[in-house]
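This report describes how the parts of one protein chain are packed against each other. The sequence and structure come first.

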Amino acid sequence: MLQSNPVEVSRNAQVKVVRVEAIPLNLPLARTLKIAVGSERTCLEVLIVRIHTNDGIVGIGETQAWRRQGGAEILANLANIVENHFQPLIVGRSPFDIAGILQSLDESFSNTLYAQAAVSDALYDIVGKATGLPLHSLLGGERRSAVRTGTILTIKPTTKEVVAMVDEGYARGIRYFGLKIGVEPERDVENVSAIRERYGNRIALRVDANASMKRDTAISLLKKLEPYGLDAAEQPVPSWDIEGLAAIARSVSMPVMIDESLSTDHSLLDVIRRGAATAVHTKLAKNGGVYRTWRLWHLADAAGMRICPGNHPCTGVATAAALQMCAAWPGPLIDGAFAVGVGGELETDITTHPFAIENGEIKVPTGAGLGVELDMDKVEHFRVR
Ligand SMILES: [Mg+2]
């Protein structure tokens, strides 16, 4: 515990976790979601974790069942891990012991970053509420009071529909777009060309293959895209192919960004050592929540890499966690798609005051902890039983 005031230390030393509650939700998407790999999705599987303390504070955190980590990451299994396996390791401990608790979870259950994410952020929420401070104050201060957001352009049958998505985002003030590629090279070039023709340099554009391409086809496609001034080529090849990423980074002029290849800090160190990328795309669920993602940002920054703050499609809870980190970060950030769910992909949010994107940015919440509260009627309505 870092507080210097002995009164605070003794008061907070009394706070103990008494219960860890996992709430699986099935949230309807406003429009179906298709990325470069996997089937189309019509709903979003979210796990909300509520951590209760003996003094009545309840912290909330979120993760999503994005199915990256196999069976451990099915919604029912996330709930099972948190309630039946994590809970006994957390109850009775101080919620201020975030690093210690996460280390215990990691030592006992490796490869559980998605489940750990919700615990990490619920603990931060408690610490914020116990001290009366928003999370950004705990992380480093308020460097931004609003955060610019980007959005993703999902796979659509026609270029016209892709351009229509850019029109819609542009009208909302968004100036940074991540276009999904990797299905058909000709269509990818056509999409990029049509967007540039219409918007010129008024927007920044990144392409994201979601790890779906082979090295040679990726290099060939990216070379064709070189004239279009792309901000980055995101994860062209599979997560394991770090040598392939490095080969691509040497072969094409645009920066390479990692997403699927970025999980733990060890995975980032490997990418840094091999010169395989110059930008990182973090997601709170994928990377284990605020505690671990904040470490990744510092590591990436020390290696001279750019940072794209992201999230899987999510509710206002994970959006708030990303906003808090962005607010505290002292350096530049890419306009990340950290608010895809509340930015129109979800039919409805589950927080009491859903975020709004105004002129392409979202105001950082000023309340204690994450700064958002659950609308429990909606949580009950969408709860998976
Ligand atoms: Mg990506």
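This is a predicted model: local features need pLDDT of at least 70, side-chain atom pairs count only at pLDDT 80 or more; totals for chains, interfaces and linings use all residues.

Residues are numbered from 1 along each chain as its sequence is written.

**Domains**

The protein is divided into domain 1 (6–136) and domain 2 (141–368), with bounds that come from an automatic or database domain assignment. Taken over C-alpha atoms, the centres of domain 1 and domain 2 are 24 Å apart. Contact between them involves 38 residues of domain 1 and 43 residues of domain 2; two residues are in contact if their C-beta atoms, placed from the backbone, lie within 7 Å.

On the side of domain 1 that touches domain 2, the elements giving two or more residues are strand 1 (17–33), strand 2 (41–53), strand 3 (58–64), helix 3 (98–108), helix 4 (113–131) and helix 5 (135–139). Helices (H or I, at least four residues) and strands (E, at least two) are DSSP runs, numbered from the N terminus. Helix 4 gives the most to this side, with nine residues. By class, this side of domain 1 has 24 nonpolar, eight polar and six charged residues. Here Ala, Val, Leu, Ile, Met, Phe, Trp, Tyr, Cys and Pro count as nonpolar, Asp, Glu, Lys and Arg as charged, and the others, Gly among them, as polar.

**Helix pairs**

Axes are lines fitted to C-alpha atoms, for helices over the stretch in contact, and angles run from 0 to 180 degrees between N-to-C directions.

| Pair | Axes come within | Crossing angle |
|---|---|---|
| Helix 6 (159–171) and helix 7 (185–199) | 9 Å | roughly 45 degrees |
| Helix 8 (215–225) and helix 9 (242–251) | 10 Å | roughly 25 degrees |

Helix 6 is therefore oblique to helix 7, whereas helix 8 and helix 9 are roughly parallel to each other. Angles under 35 degrees count as roughly parallel, over 145 as roughly antiparallel, 65 to 115 as roughly perpendicular and the rest as oblique.

The crossing of helix 6 and helix 7 is right-handed, meaning that the near helix is turned clockwise from the far one by less than a right angle. Helix 6 contributes Thr-159, Val-162, Val-163 and Val-166 to the contact, and helix 7 contributes Glu-190, Asn-191, Ala-194, Ile-195, Arg-198 and Tyr-199. These residues comprise six nonpolar, two polar and two charged.

Helix 8 and helix 9 also have a right-handed crossing. Arg-215, Ala-218, Ile-219 and Leu-222 of helix 8 meet Gly-244, Ala-247, Ile-248 and Ser-251 of helix 9. Five residues of this contact are nonpolar, two polar and one charged.
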